[in-house]
Amino acid sequence: MSDTPEPVTIETARKSFASSASFVWIIPILALTIALAVAWQSYNDRGPLIRIEFENGAGIAKRETELRFRDVAVGVVEDVKFTSNLKGVVAYVRLDKDVAPYVDIGSSFWVVQPELSAQGVSGLETVLSGVYIEGTWDGDVGPAQSEFKGLSDTPLYRYGKEGLEITLRTTAGGSLTDDSPITFRGIEVGRVGKAYISQQGSFAVAEAIIYHPHSRLISETTRFWDTSGFTFSVGPGGAEIDFSSFATLVSGGLTFETFVSSSKRVSDGKSFEVFADEDTARDSVFNASQAEPLQMRVVFDESISGLAVDAPVELSGFPIGRVTGVSGVIDADAFGDERVRLNALIDIQPARLGLTEDVSPEAALQFLSRRIEDGLRARLASASLLAGGLKIQLVEEDNPAPYTVQTGDGIIPIIPSTDNDISDVTATVAGVVSRINNLPIEELLDSAIQFLNSADTLISNEDLRETPKAVRALLGDVSDIVSSDDMQAIPVKLNTALGRFETLLAQLEKDQFSTQLVAAVNAAAAAANGVNASVEGVPDLVKLLQAVAAKAETLPLEELTTQLTSLTTSADAILGTEAAKQLPADLGAALTEINATLRELREGGAVTNINATLSSARKAADSVATSTQDLPALVTRVQAVLNQANQTIAGYNKGEALSREAQSALRDISKAAEAMTSLARMLERNPGSLIRGR
Amino acid sequence: MVGMEVAGQYSNIISARELGVVACTRCTQVWPAGTAVCSRCGSTIVARDAKSLQRVWALWIVGLMCYVPANLYPMLRTRTLLSVQEDTIVGGAVELMHHGAIGIALIILIASVVIPLGKFMAIAFLAISVTRPSSVSNHHRQILYEVVEYIGRWSMIDIFVVAIMSSLVQLNTLAAVNPGRASLFFALSVIFTMLSAQAYDSRMIWDVQAKQEGTTTDE
């Protein structure tokens, strides 16, 4: 109670409290420092918050859903909220500080979800881990942005999938499968993105990407076409089903080809058309819609049916345009008459002319004008052998009439036309047929028949048959007087004539083997000569034969007969020999052979086996020649007889009448010899006439 | 109840200092006032620990500081095949309550929220009541102090649960339970509040009463 130390201790305690604080305060101070440091550090390490607006939440969860870049988490969703008008969902993503600068204005974000499609399964890992937000941005720091619009689909162009970004557009009436692969030679080289319908609703448009380095396959003239589905065709090669791959069969796909090489590289944003199939795509290269067509017209002098709208216009077989309109035109002022002409309006695609620099209608017109001045002309030609129809061909014409293309406002330039080339094959076939038709087969046969008939008539003539007898009688009559002096001159004449005949014969014989025909003719000529030389009466027969053969039946048979009769009465004795008797039989046999040959010619293959015929004719002629081989001997005998007769006649002065008769006979013989000579010459010149009968 | 009765019975308690003695806090040997070192056990003897309140407040602050992240960070990180779940203390309790396990939820709430908060408040009250007069009797405050000190160690039950769960549920890819960051802070918070409670020199409770009584007796 009364202890005093107590206040003292309190005093000292209070003093020490102020002066020396407990060391234990270090702990909270330390804790605070650490806490503050950690707080500051975490604040400092914290990246910026970006705001990504999506159409829907798609499974984004607070503090769970990651933002990934190249499959590495670079941020986490801090909050998910609705936009002010409830039209979307906003994800607030806390970025990692080190990537934050790269998330710039060019960044794009989308939600990766598991997806099962015909091309395969993607985003499978998100089945277990939940969705994540994938972002893509380039490696350059650009203008910063903190508000982004999330994509509803995985973008085509993203990090690691760089390529050429192009736009695909369907052709009129075509279709396009979106989100499908673009293959080239079966390898996927790109993708078609989401397609949408153009504002006019006339075609579908889709973004597409061709990955590097395949993008170098694309040039301005590249054409895309649809490979989806399959084609089934039945043709001469059998039934055919064709599809490019199962994936494209199910989900569609595109492929492309650069039909015409072009050095022009394509830059991002280039638009291409997608065609229904390869053929259309290929055609379109030459039907390029990128250039305005050049409109021209062609006026054809004849109005020929068969040229239709859309018929091709070809230059060197290469389609460069098409016919856009066909009409008839009557313009007396321009063409000088009032005939209906065919006026064809054509569209020429400048791109197909192969112009290297400027592909425009003006350049095309300049090019064509130059070519037209050089002789380029238009003509109509058959488009198809089977289907018929016409097309317009531009062809170079040699030595064309000069023409300058008129150009100017409102003038459709005219391509001058030239002779049409229609129905080539039909015309050729028709020509062949008509040429065959024009062959004088009928005439030939008629001539042969006439000839044979005439020969038959001649040979079967009773008078002729009587001739040897008469000649024999005549010879018997004149045998006494043939040795007269007046007759001496005759053998000389005869000798010269016979010499000529013999040389001719020899020549003919020499040339016998030159050709079958010549040989045949020669043989025939030799035979004729033999006949002529042997018998005085025979030359008339030969002459008649010649006349018959020449279809100049001017010599009446009766006259010949009378002459022969008159001759035979005087030369009956001369021809009394057996050889002379046999001669007509030989000739008859030969002619029968010729007759048979010609009949065969008429009945048989006619033209086809002319060779056989000719050889037969030659044989026949040979036979004639053989039969007349012994004629020279006969002739010598005749000469002897005549000599004798001449002497006889010379001895008989009063036998003037006979002498006159004999002289006239000899004149006739002389004429006959001359005629024979001319015949021989003629045959020599034109051996075929024997066969053809003229 | 007993305390109340005791307090009622012994309303005028004479402190050792008033008797001019000082007791060794370690071996309870009573020495005359002014003795510096206990001759029996050799520990330092002070009648009142002058820096006790400083230590109490310092450790109390650290404990409170740790208690904040212990509640903000997840206590338990449960990873199953399909998902990873991280729960804070309160969040986990609420979830349990949603699943119908109200009992467990209450236990967790009481053990992890009510008791630690109560301890903070009790220690703060005790520390304040030393310097300022309080309507609560000295005896009650002494009992409060003893309860705080006794119950402090049970706060570690959360940490035990987390530790046991973490060591037992480790099924590789199928499922795994890992302690969250909050467990560390929670343990620190418990440790510091326990230290704070221990640093409190309960003898000061009686000094205030002595003053009050002194003044009243003086008046």
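The following questions and answers concern a predicted model.

Student: How many helices and strands are there in chain A, and what percentage of its residues is buried?
Tutor: Both secondary-structure types occur in chain A of this predicted model, with 19 helices and 26 strands. A residue counts as buried if 20 or more other C-beta atoms lie within 10 Å of its own. By that criterion, the buried part of the 694 residues in chain A is 33%.

Student: What should helix H9 of chain A span, and how far apart are its end C-alpha atoms?
Tutor: Helix H9 of chain A covers residues 441-459, which is 19 residues.

Student: Where on H9(A) do the buried residues lie, and which exposed residues are carried by the face turned away from them?
Tutor: The buried residues of H9(A) are Ser447(A), Ala448(A), Phe451(A), Leu452(A), Ala455(A) and Leu458(A). Viewed down the helix axis they fall within an arc of 125 degrees, so they line one face of H9(A). The face turned away from this buried side carries the exposed residues Glu442(A), Asn453(A) and Thr457(A).

Student: Of the spans in chain B that UniProt gives as "transmembrane region", what percentage of residues 182-200 is helix?
Tutor: The unreviewed UniProt entry places this feature at residues 57-76, 96-129, 150-170 and 182-200 of chain B. In the model, residues 57-76 of chain B are 80% helix and 5% strand, with end C-alpha atoms 30 Å apart.

Technical notes: Residues numbered from 1 in each chain as written. Chains lettered and ligands numbered in written order. Predicted model: local features only at pLDDT ≥ 70, side-chain atom pairs only at ≥ 80, totals over all residues. Helix = DSSP H or I, 4+ residues; strand = E, 2+ residues; numbered from the N terminus. Expected span 1.5 Å × (residues − 1). Buried ≥ 20, exposed ≤ 12 C-beta atoms within 10 Å, placed from the backbone. Arc of directions from axis to C-beta. UniProt positions renumbered as here; feature names shortened; annotations may be inferred.
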